[in-house]
Each structure stands twice: as structure tokens, then as C-alpha cells.
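Please keep the sequence and the model open while reading.

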Amino acid sequence: IATGTIVLTSVEVISAAMVALASPHLGTDLAVALFGRNMIPPLPLYMLSAGSTAMIVVLLLVELSQHFGSSRWWRVLATTGQFALTLYVAHIVIGMGIIQTLGWIDSGQPLGLATLYSLAFYAGCITFVGLWHMKFQRGPFEALLRHITD
């Protein structure tokens, strides 16, 4: 966790310094494109920032699991995590499909609405996983993947 935090902080400082130094020569847009931490294109500073953030989150969750691993709410979250492929497909097809159908993409909807929608979708995912898991060991796409690879 400490290493991830050091790397993340270093990348943030380096990125900001490089953008500030390059902006007068290249222009702000190009400097940010080259030295920022934008997802597209995924350049090295973005990869380091995203990787160190992921490392911090995963290790924090490992720490939490050691303290709360036997609690009911933690088991619900762990089961939900075992449906990652199904939920990934669902968030693209269903979650983003609803947003697209409603015309919310690039429409300037308030952050509060996006947050509320995300929480509602996540609650729906947890509910789906709980109901599905009562009857089946794996999620639909996890079962399909297992069937194909066995």
C-alpha cells in the first residue's frame, strides 16, 4: 500500500510538472495529451497511475477481508466479485444501454444523477447475484466460459 501510494503520488507530481514545463512550448492541449494521465491514449504516466491505484485498492481490500472476511456483508461483496465477467457484460449492455436510450451520454447530466444511477445499478447487481447464487454456483457468463474451456 505504501509503495503504491508513493508511486501514485510521484506520478501525479511528475505529470503536473511536465505539463507545466511543456505547456509554454507545446501548448496546453498537447502537453496534457503527452504528459497527462488521460485514459486515451494510455501512455506510461496513465498506466503507472492506474496500476498503482489498482494496487492500493486491491491491497486495501485484502486488509479489509482479513478483518471482516466472516461477516455477512463481506460475503455478499465477495460473491458479487465472483460474478465479475457477468457484471462487466451487464454494465455495458444494460447499464450503458439504459443511459444511451435515455440520451444521457454527453448531455451534461448532473453528477448527483450519475451517482444515484450508479448506486441503483450496483444495488441491482448485488440483488441479481444474490438471487442467481441461490440456484447456481457461477454467473451466466462465468458458467459459459467454464463450459467452453473445460
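In the protein chain, 56% of the contacts between residues at least 6 apart in sequence join residues at least 24 apart. Contact means heavy atoms within 4.5 Å. The model is predicted: local features need pLDDT of at least 70, side-chain atom pairs count only at pLDDT 80 or more, and totals for chains, interfaces and linings use all residues. Residues are numbered from 1 along each chain as its sequence is written, and side-chain values use heavy atoms, with hydrogens and water left out.

**Overall build**

The protein chain has 7 helices and 0 strands. Read from the N terminus, the order is α-α-α-α-α-α-α. Helices (H or I, at least four residues) and strands (E, at least two) are DSSP runs, numbered from the N terminus.

The radius of gyration of the protein chain is 20 Å, while a compact globule of 150 residues would have one near 15 Å. The radius is taken over C-alpha atoms, and the globule rule is 2.2 Å times the number of residues to the power 0.38. Along the principal axes, the C-alpha atoms fill a box of roughly 60 × 40 × 35 Å. Of the 150 residues, 18% count as buried. Buried means under 20% relative accessible area, exposed over 50%, and partly exposed in between (1.4 Å probe, protein chains only).

**Helix packing**

| Helix pair | Angle | Axis separation |
|---|---|---|
| Helix 5 (residues 84-102) and helix 7 (residues 140-149) | about 120 degrees | 6 Å |
| Helix 4 (residues 72-81) and helix 6 | about 90 degrees | 9 Å |

Axes are lines fitted to C-alpha atoms, for helices over the stretch in contact, and angles run from 0 to 180 degrees between N-to-C directions. Angles under 35 degrees count as roughly parallel, over 145 as roughly antiparallel, 65 to 115 as roughly perpendicular and the rest as oblique.

Take helix 4 and helix 6, with an angle of about 90 degrees. Helix 4 is therefore roughly perpendicular to helix 6. Helix 4 contributes Val 76, Leu 77, Thr 79 and Thr 80 to the contact, and helix 6 contributes Tyr 122, Ile 126, Val 129 and His 133. By class, this contact has 5 nonpolar, 3 polar and no charged residues. Ala, Val, Leu, Ile, Met, Phe, Trp, Tyr, Cys and Pro count as nonpolar, Asp, Glu, Lys and Arg as charged, and the others, Gly among them, as polar.

Helix 5 and helix 7 pack at about 120 degrees, so they are oblique to each other. On the helix 5 side, the contact uses Ala 84, Leu 85, Thr 86 and Val 89; on the helix 7 side, Pro 140, Phe 141, Glu 142 and Leu 145. These residues divide into 6 nonpolar, 1 polar and 1 charged.

**Single residues**

Helix 6 (residues 111-135) includes Lys 135. Is Lys 135 buried or exposed? Lys 135 is exposed, because its relative accessible area is 69%. Its C-alpha atom is separated by 29 Å from that of His 67, 68 residues apart along the chain.

Cys 125 also lies in helix 6. Cys 125 is buried, because its relative accessible area is 9%. Cys 125 and Ala 90 are 35 residues apart in sequence, with 8.6 Å from C-alpha to C-alpha.

Ser 23 belongs to helix 1 (residues 2-26). Its relative accessibility is 16%, so Ser 23 counts as buried. Leaving out residues up to four places away in sequence, Ser 23 touches Thr 28 and Ala 31.
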